[in-house]
Amino acid sequence: MVIRKTKKKEEGSPTLPKDMIFEILSQMTLGDIGRCRLVSKDWNLITYDSSFIQAHCERTKTIDGFFIRSLKWSKPVNKFVSINESDPKSKLSLDFIPGPVSIIAATKQGLLLCVDDYSCRNHKYYVCKPSTKQWTKIPNPRTRYFTERCAMVVLKSNPLHYKIIRFSTHPLRKFVTYKSVRYSFLFCEIFDSKEWAWKKLKDLVLLPKDEWLGFDPVVSVSGSLYWLTNNNMVFVFHVDSNKWTTFDLPFPLCKKDYFDPMKLVEYQGCVGMLCKKGCDIQVWMMENHGVWSKKQTVSIEPAKLSTCCYPVAFQSSDIMLMRDDTNMIHYDFRSGNSKMSNVWTRPMEIFPFHSDFELVDLKNRCYKKKYVKVLVRLSRRFSRYLFKFFR
């Protein structure tokens with residue numbers, strides 16, 4: 001009886017060869033791949049392999065790399081770095097946006113949030129898609145507050161729906177007392193592309209005293225935003241509920257200055273941590289909320305890299321992006337090979353970038369249609385009142 005049941009189960013659930021799964025997935029769009037990663041762990045691992053990412057970019061005309069933000073002669077410089085620099089598609093820039101801008105947030109769907117550096121107080125905020133050279137200006141938030149951190153999340157691709165989360169602080173007041181405990185606090189404003197307006201949350205974001213969000217770009221995983229704080233805590237903001245929380249890291253990640261340095265990254269669709277100590281880089285991953293495990297230890301000795309090189313992100317599950325003072329290095333730690341790209345100046349922020357070349361509706365025509373309908377209704381009512389008055 002047991003043998004028959006096992007046979008029926010095996011006959012009812014055939015498995016496809018990995019090569020066939022590879023071929024099918026490598027011809028799907030970025031949105032479909034994101035959904036297929038939830039099917040099984042095997043499918044998820046396939047889509048993060050470097051060979052798959054390269055094949056997918058060639059077959060679907062997509063692009064994968066990093067935008068590097070830095071300063072040169074006090075002017076913002078934004079350079080795109082890809083492991084396939086010989087490909088003409090990798091020559092992305094932000095020259096199509098009027099005036100010099102700096103990137104402050106990026107999404108996995110190829111959208112960037114930029115800010116004008118040369119507007120003294122009223123900065124100009126732009127949302128753009130570099131692969132199609134589309135851009136639009138969005139309304140300004142409360143500029144009397146100083147921006148601390150920004151993040152951007154795409155909720156839906158067709159029609160396009162995204163949100164921008166901005167944390168800001170008062171220029172004169174840094175702390176607040178709540179229940180006899182002193183906290184540092186932040187204001188939170190959210191820009192919704194459907195409403196085409198900013199909305200300030202009523203509740204303040206309270207952090208332990210002398211705690212602030214790190215300078216590295218946010219890590220976005222499963223609709224939540226993760227920042228590493230200055231004291232090695234993790235701050236999490238949930239976009240769907242507009243709630244936030246903090247939690248401590250396990251030993252030895254919780255020890256400040258134990259590693260040199262620590263970077264919060266996305267690793268195989270989960271929150272990961274890159275910790276460097278000497279010539280070794282430890283890769284940690286949070287599979288469940290607050291539960292961390294060390295996945296592997298990578299050595300930079302096979303590539304003969306300098307100890308001044310620091311890990312910053314994952315290009316794929318087997319290629320790590322590293323940096324020194326003036327270079328970005330793609331390090332394949334399975335083969336021990338490395339590829340160097342010069343960025344002229346010291347990189348300030350690094351934004352992972354994945355994009356296709358499909359046009360999107362950045363200006364939110366749905367919102368404009370609603371606005372036009374409201375104007376039409378008001379004009380009709382006004383005309384009726386005028387007709388009654390003059391009659």
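Start with Phe-80. Its relative accessibility is 6%, so Phe-80 counts as buried. Bear in mind that this is a predicted model. By the ring-pair rule there are 19 aromatic pairs. One of them joins Phe-67 and Phe-80: the ring centres are 5.1 Å apart and the planes meet at 55°, so the pair is tilted. That pair links distant parts of the chain. Phe-67 belongs to strand S1, residues 63-72, and Phe-80 to strand S2, residues 75-81. The two are 13 residues apart. What about the burial of Phe-67? Phe-67 has a relative accessible area of 0%, so Phe-67 is buried.

Next pair: Tyr-126 and Trp-135. This one is edge-to-face, with 5.6 Å from centre to centre and 70° between the planes. Now take burial. Tyr-126 has 4% relative accessibility and counts as buried. Trp-135 has 34%, so Trp-135 is partly exposed.

Now the cluster. Which residues do ring pairs link here? They are Tyr-125, Tyr-162, Phe-191, Trp-196 and Trp-198. Stay on Trp-196 for a moment. Trp-196 sits in the loop between strand S10, residues 181-192, and strand S11, residues 197-200. Its relative accessibility is 16%; the cut-off for buried is under 20%, so Trp-196 counts as buried. Its backbone deserves a look too. Phi of Trp-196 is near 55°, which is positive, and the residue is not a glycine.

Asn-242 is another case. Its phi is positive at about 60°, and Asn-242 is not a glycine either. Where is Asn-242? In the loop between strand S15, residues 233-238, and S16. Buried or partly exposed? Asn-242 has 24% relative accessibility, so it counts as partly exposed.

Why point these out? Because most residues other than glycine have a negative phi, and most peptide bonds are trans.

The peptide bond from Phe-251 to Pro-252 is cis, with omega near 5°. Pro-252 lies in the loop between strand S16, residues 243-248, and strand S17, residues 262-267. Go along to the bond from Asp-260 to Pro-261. That bond is cis as well, with omega near -10°. Pro-261 is also in the loop between S16 and S17.

The charged end of Arg-182 sits over the ring of Phe-175, at 4.6 Å from the ring centre. Lys-277 lies over the face of Tyr-258, at 3.8 Å from the centre of that ring.

Last item: helices. Helix H2, residues 18-25, packs with helix H5, residues 50-60. The angle is about 40°, and the axes are 9 Å apart. H2 and H5 are therefore oblique to each other. Which residues of H2 meet H5? Phe-22, Glu-23 and Leu-25. On the H5 side we have Ser-51, Phe-52, Ala-55, His-56 and Arg-59. The residues of this contact divide into 4 nonpolar, 2 polar and 2 charged.

Over to you for questions.

Definitions and conventions: Residues numbered from 1 in each chain as written. Predicted model: local features only at pLDDT ≥ 70, side-chain atom pairs only at ≥ 80, totals over all residues. Heavy atoms only, no water. Helix = DSSP H or I, 4+ residues; strand = E, 2+ residues; numbered from the N terminus. Buried < 20%, exposed > 50% of the residue type's maximum accessible area, 1.4 Å probe, protein only. Phe/Tyr/Trp six-rings, centres within 6.5 Å; stacked < 30°, edge-to-face > 60°. Lys NZ or Arg CZ within 6 Å of the ring centre and 35° of its normal. Axes fitted to C-alpha atoms, helices over the stretch in contact; angles between N-to-C directions. Parallel < 35°, antiparallel > 145°, perpendicular 65-115°, else oblique. Contact = heavy atoms within 4.5 Å. Nonpolar A, V, L, I, M, F, W, Y, C, P; charged D, E, K, R; others polar.
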